[in-house]
Amino acid sequence: MIRSNFETLIKSILDQSNTSVTATNLKNAINLAMADLSSTEEFPTLETNQNYTIVAGTASYNLPDDFLKQKSFGLTVAKKQLEWKKWEEFQRYALQDTDQNTPQIFSFWQNKIWLYPIPDAGDTALLNYLRIPADTDELGELKIEVLKNAVLKDLFVYGTPQAQDALNRFKTSRSRPRERVAQEPTEMLGSLYRRQRIQDLNNQ
């Protein structure tokens with residue numbers, strides 16, 4: 001099903017329940033549902049790459065603005081795939097020493113990729129990842145029923161006028177970014193969800 005038809009389907013369901021949402025809230029709910037489902041569903045259209053220039057003595061590098069979930073991260077010249085570690089576990093390695101060598105593991109913190117050991121030589125690296133969904137992304141082969149249920153859940157919980165008062169209480173909360181998504185402009189989805197994804201990964 002193409003995205004425009006799916007949006008029409010959701011609107012018809014909402015009309016039957018006398019629930020109205022803005023076009024922005026609907027698009028955000030679809031994007032958020034796709035992002036949530038990325039942990040269990042395949043999204044080939046969201047898969048992309050980011051190249052990095054690794055500098056000797058530099059341990060951290062900025063994540064892409066549209067980062068959602070890592071697939072793999074590896075050094076090109078050294079032909080080495082790095083193992084991802086939760087931040088807490090990564091710190092146990094990194095705090096042991098500051099010796100420089102070929103990186104073996106990586107983690108995420110404060111929108112950065114961190115490497116350990118600290119690189120002792122220049123290299124290039126490739127991050128294969130899923131990006132934040134955009135309003136123009138088609139749904140691909142995603143199970144429509146699964147996506148429909150996820151979108152409706154988000155809209156009924158976060159997108160209805162009745163929820164406005166509760167949502168406003170979390171407007172500036174960093175610990176509850178999900179409640180903010182339905183109320184923020186579309187361009188805010190990336191930074192909000194990326195921050196939450198890093199928190200989720202480290203809390204698994």
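Visitor: In β8, which residue is the bridge partner of Asn-62?
Guide: In this predicted model, strand β2 covers residues 60-62. It pairs with β8 in the antiparallel sense, over three bridges. Within β8, the bridge partner of Asn-62 is Lys-112.

Visitor: Which residue in β8 is the bridge partner of Trp-109?
Guide: Take β7, residues 105-109, and β8, residues 112-116. The two run antiparallel and are joined by five bridges. For Trp-109, the partner in β8 is Lys-112.

Visitor: Which residue in the turn between β7 and β8 has a positive phi?
Guide: β7 and β8 form a hairpin, with two residues between them. Asn-111 lies in that loop. The positive phi, about 50 degrees, belongs to Gln-110.

Visitor: Is Asn-111 buried, exposed or partly exposed?
Guide: Asn-111 sits in the loop between β7 and β8. Its relative accessible area is 29%. Buried means under 20% and exposed means over 50%. Asn-111 therefore counts as partly exposed.

Visitor: How far apart in space are Asn-111 and Leu-63, C-alpha to C-alpha?
Guide: In sequence, Asn-111 and Leu-63 are 48 residues apart. In space, their C-alpha to C-alpha distance is 5.5 Å.

Visitor: In β10, what is the bridge partner of Lys-69?
Guide: Strand β3 spans residues 67-75 and β10 spans residues 123-131. Seven bridges join these antiparallel strands. The β10 partner of Lys-69 is Leu-130.

Visitor: Phe-73 and Phe-106 form an aromatic pair; what is its geometry?
Guide: The ring centres lie 5.2 Å apart, and the planes make 45 degrees. Under 30 degrees would count as stacked, and over 60 as edge-to-face.

Visitor: Which strands does the pair of Phe-73 and Phe-106 tie together?
Guide: Phe-73 counts as buried, at 1% relative accessibility. Phe-106 counts as buried too, at 2%. The two residues are 33 apart in sequence, so their pair ties together separate parts of the chain: strands β3 and β7.

Visitor: Which residues do ring pairs link into a cluster?
Guide: The count of aromatic pairs comes to 10. The cluster consists of Tyr-52, Tyr-61, Phe-67, Phe-73, Phe-106, Phe-108 and Tyr-129.

Visitor: Which element gives the largest share of the largest nonpolar core?
Guide: This core has 21 residues; Phe-6, Ile-10, Ile-30, Leu-147, Val-151 and Leu-155 touch the most other members. Elements giving two or more residues are α1 (3-16), α2 (23-37) and α4 (144-159). The largest share is seven residues, and it comes from α2.

Visitor: How many residues are in the second, separate core?
Guide: Its members include Tyr-52, Phe-108, Leu-115 and Tyr-129. Tyr-52, Phe-108 and Tyr-129 also belong to the ring cluster. The second core has 15 residues.

Visitor: What share of the protein chain's residues count as buried?
Guide: The chain has seven helices and 10 strands. It exposes about 10800 Å², with carbon and sulfur atoms supplying 49% of that. Of its 204 residues, the buried share is 44%.

Definitions and conventions. Residues are numbered from 1 along each chain as its sequence is written. This is a predicted model: local features need pLDDT of at least 70, side-chain atom pairs count only at pLDDT 80 or more; totals for chains, interfaces and linings use all residues. Side-chain values use heavy atoms; hydrogens and water are left out. A nonpolar core is a set of buried Ala, Val, Leu, Ile, Met, Phe, Trp, Tyr and Cys residues joined through side-chain atoms within 4.5 Å. Buried means under 20% relative accessible area, exposed over 50%, partly exposed in between (1.4 Å probe, protein chains only). Helices (H or I, at least four residues) and strands (E, at least two) are DSSP runs, numbered from the N terminus. Accessible areas come from the Shrake-Rupley method with a 1.4 Å probe; for residues, only the protein chains shown count as cover. Two strands pair if DSSP finds at least two bridges between them. Rings of Phe, Tyr and Trp (its six-membered ring) pair if their centres lie within 6.5 Å; planes under 30 degrees apart count as stacked, over 60 as edge-to-face and the rest as tilted.
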